[in-house]
Every structure is written in structure tokens, then in C-alpha cells.
Amino acid sequence: MDPRDEQGKIWMDGKFVQWQDATIHVMSHVVHYGSSVFEGMRCYKTPEGPSIFRLKDHIRRLFDSAKIYRMPIPFSLEEITGVCNETIKVNGFESAYVRPIVFRGYQSLGVDPSNCPVQVVIGALNWGKYLGDEAINVGVDVCVSSWNRMAPNTMPSMAKAGSNYMNSQLIKMEAIADGYVEGIGLDSFGYVSEGSGENVFVIRDGVIYTPVIGAAILPGITRDSVLKIAAEFEIKVVETNIPREMLYIADEVFFAGTAAEISPIKSIDHVPVGNGSRGPITEKIQKRYFEYVNGERKDVYGWHNIIK
């Protein structure tokens with residue numbers, strides 16, 4: 001954690017409090033059962049001012065996640081959207097990482113969360129390149145994890161829930177312990193799913209392939225951005241089941257996510273991807289993406305949310 005963040009303020013259940021005062025009781029339901037849903041958004045410095053990229057889409061997904069878990073949010077979608085903007089202003093950020101989280105608080109300790117209050121917290125912090133400074137230009141070394149993603153009808157992968165990320169932690173920790181930067185999980189049928197916190201794109205003979213929603217992936221906001229950018233370049237995209245071995249014969253592979261942005265993968269299980277460096281299609285998608293997020297390109301999709 002950046003020490004500067006601890007001087008800031010966090011919005012908690014309707015008011016801003018000092019960073020150190022944003023606390024909950026240790027017997028809160030979320031501590032014991034992981035009963036939370038959350039979002040992660042980047043605020044970029046643009047020529048028109050700070051902008052939380054695709055804010056409305058992220059907050060809609062937050063409410064979708066809460067609905068799946070029968071967790072009624074005690075604020076409207078518009079209120080939460082406005083507070084995200086206000087959090088940037090109150091803390092004086094030009095760029096930041098924004099984290100809204102909705103969770104079950106303190107009341108009872110049974111598995112049934114019905115009597116526990118639903119609480120909402122929004123914080124913002126300084127956060128650099130998620131996979132490291134070289135990840136964007138050079139690429140990262142990854143492995144296929146021994147841990148699979150959730151099977152259908154076990155945990156809802158379309159919800160961005162805190163409990164789901166216990167699986168992500170296992171994938172990430174295993175990868176790091178084995179000397180990799182990140183891991184890729186397979187779904188319960190053995191097809192490529194996603195990284196611990198990123199969607200996966202595979203390129204072969206000029207065509208982009210990416211796992212279907214049913215492959216236990218989170219429907220990523222950045223994933224959607226990539227699909228739209230690929231269409232701008234008239235690059236064919238196929239959403240399909242991807243066999244593990246396709247990772248090894250791909251010309252290019254890259255991760256996409258709010259934290260990771262567009263990060264090329266240079267090797268998988270020690271097998272070089274393509275020539276072992278960022279490929280031309282990945283670079284093209286990546287460059288266009290950064291033009292959008294940094295406000296260097298006309299916002300034809302209404303992705304930006306300029307904070308005045």
C-alpha cells in the first residue's frame with residue numbers, strides 16, 4: 001500500500017471518513033464467509049481532467065453482482081456513481097484505482113446472511129502497473145495453473161464476488177511460488193478460462209480467440225473494450241472454447257483487465273509465445289486502448305466520465 005493513500009478519505013455508508021477510521025467489526029459476516037461483491041476501476045489523467053474509465057458499466061456490474069447474491073444495495077446506482085466521482089475529488093487524485101465494495105456486516109454469524117446489514121464502501125488509491133512495469137511493453141511469463149475455475153452452478157462466475165477470489169488467490173500464489181508472474185486457470189471441462197484477475201485472448205493466423213462467458217469467466221469490462229477495438233481494425237474475433245494446447249501454438253496471447261490493462265504474455269509453461277515478445281496485433285490493440293483511456297482519442301463509445 002502506498003503510504004500516501006493512508007492520508008486520504010474513504011466513503012463509508014453515506015459519509016467520508018479518514019482512512020484509518022474506515023473499519024468494521026471482526027465478527028462481521030463478510031469476514032467469516034466472504035460475503036462481498038466489488039469493482040475495480042481506473043481513473044486516468046486526461047486532457048479534460050481525471051476520468052474513471054467506463055464507470056457506469058462497472059457500477060452496473062456491481063449491482064448485477066449484488067442482485068445475484070440477493071444483497072440489496074441501500075443506495076441507488078446513480079448515488080454510487082456520483083460518490084465514485086466525489087471520492088476522486090475529495091482525495092485530489094488526477095489518476096487512481098477506485099474500489100467500491102458491498103458486503104454483509106455485523107449482526108449474526110450464521111451462514112444465512114439475511115439479518116446482516118448490507119454496507120457500502122468506496123475507496124481510491126495509487127496503484128501502478130498490476131503485473132509490473134515491464135508487463136505492458138515486454139510481456140509476462142505465465143503458467144497454466146493446477147487449480148481449475150469454478151464449475152457451472154457452484155459459484156456464479158458472472159458475479160465479481162470476494163469469495164470467488166479465493167480461487168484466484170490459489171492460482172496467483174501457485175504461479176508466483178513457481179517463478180511465474182501470473183497463472184491461467186482452466187474451466188471444469190479443461191478449456192481455457194481466465195487468469196487470476198484477467199481475461200485471456202489468443203491470436204492465431206490473424207484471428208483473435210477468447211473464451212465464452214460459459215467458461216467460468218468474469219464478463220470483463222476491458223474484455224468488452226477489446227472486442228470493440230478489434231472491430232475497429234476489422235480483426236475477426238471468435239468467442240469459443242479454447243483447448244489448453246492452443247496456448248502453446250498461438251502467435252500471440254495477452255491478458256486484459258482493468259488492473260492489468262492490456263498485458264502481453266511472452267511465455268506459457270516455459271514455451272515461448274510467438275517470438276517471445278509482444279506481437280503486432282497485441283500492440284495495435286494495446287495502443288488504441290491507451291489512446292482511449294488517456295483521452296487521446298475521441299470518445300465515440302461514451303466510455304469516459306470526466307470529473308470536474
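Student: What covers the buried residues of α7?

Tutor: The cover includes β4 (41-46), β11 (199-204), β12 (207-210), α5, β14 (252-257) and β15 (261-268). This is a predicted model, in which local features need pLDDT of at least 70 and side-chain atom pairs count only at pLDDT 80 or more, while totals for chains, interfaces and linings use all residues. Residues are numbered from 1 along each chain as its sequence is written, and side-chain values use heavy atoms, with hydrogens and water left out. Helices (H or I, at least four residues) and strands (E, at least two) are DSSP runs, numbered from the N terminus.

Student: Why is α7 called largely enclosed by the rest of the structure?

Tutor: Buried means under 20% relative accessible area, exposed over 50%, and partly exposed in between (1.4 Å probe, protein chains only). In α7, 10 of the 14 residues are buried, so the helix is largely enclosed by the rest of the structure. The buried residues are I281, T282, I285, Q286, R288, Y289, F290, E291, Y292 and V293.

Student: How do you know that the reach of α7 is close to the expected one?

Tutor: The expected span of a helix is 1.5 Å times one less than its number of residues. With 14 residues, α7 is expected to span 20 Å, and its first and last C-alpha atoms are 20 Å apart. For α5, with 12 residues, the reach is 17 Å, close to the 16 Å expected.

Student: Why is α5 called roughly perpendicular to α7?

Tutor: Axes are lines fitted to C-alpha atoms, for helices over the stretch in contact, and angles run from 0 to 180 degrees between N-to-C directions. Helix α5 (residues 221-232) packs against α7 (residues 280-293) at about 110 degrees, with the axes 10 Å apart. That angle makes the pair roughly perpendicular, since angles under 35 degrees count as roughly parallel, over 145 as roughly antiparallel, 65 to 115 as roughly perpendicular and the rest as oblique.

Student: Which residues make the contact of α5 with α7, and how do they divide by class?

Tutor: Contact means heavy atoms within 4.5 Å. From α5, T222, S225, V226, I229, A230 and E232 meet I285, R288, Y289 and Y292 of α7. They divide into 6 nonpolar, 2 polar and 2 charged. Ala, Val, Leu, Ile, Met, Phe, Trp, Tyr, Cys and Pro count as nonpolar, Asp, Glu, Lys and Arg as charged, and the others, Gly among them, as polar.

Student: What makes α2 oblique to α3?

Tutor: The axes of α2 (residues 55-68) and α3 come within 10 Å and cross at roughly 130 degrees. That value makes the pair oblique. The crossing is right-handed. L55, I59, R60, L62 and F63 of α2 meet L77, I80, T81, C84 and N85 of α3.

Definitions and conventions. A crossing is left-handed if the near helix is turned anticlockwise from the far one by less than a right angle, and right-handed if clockwise.
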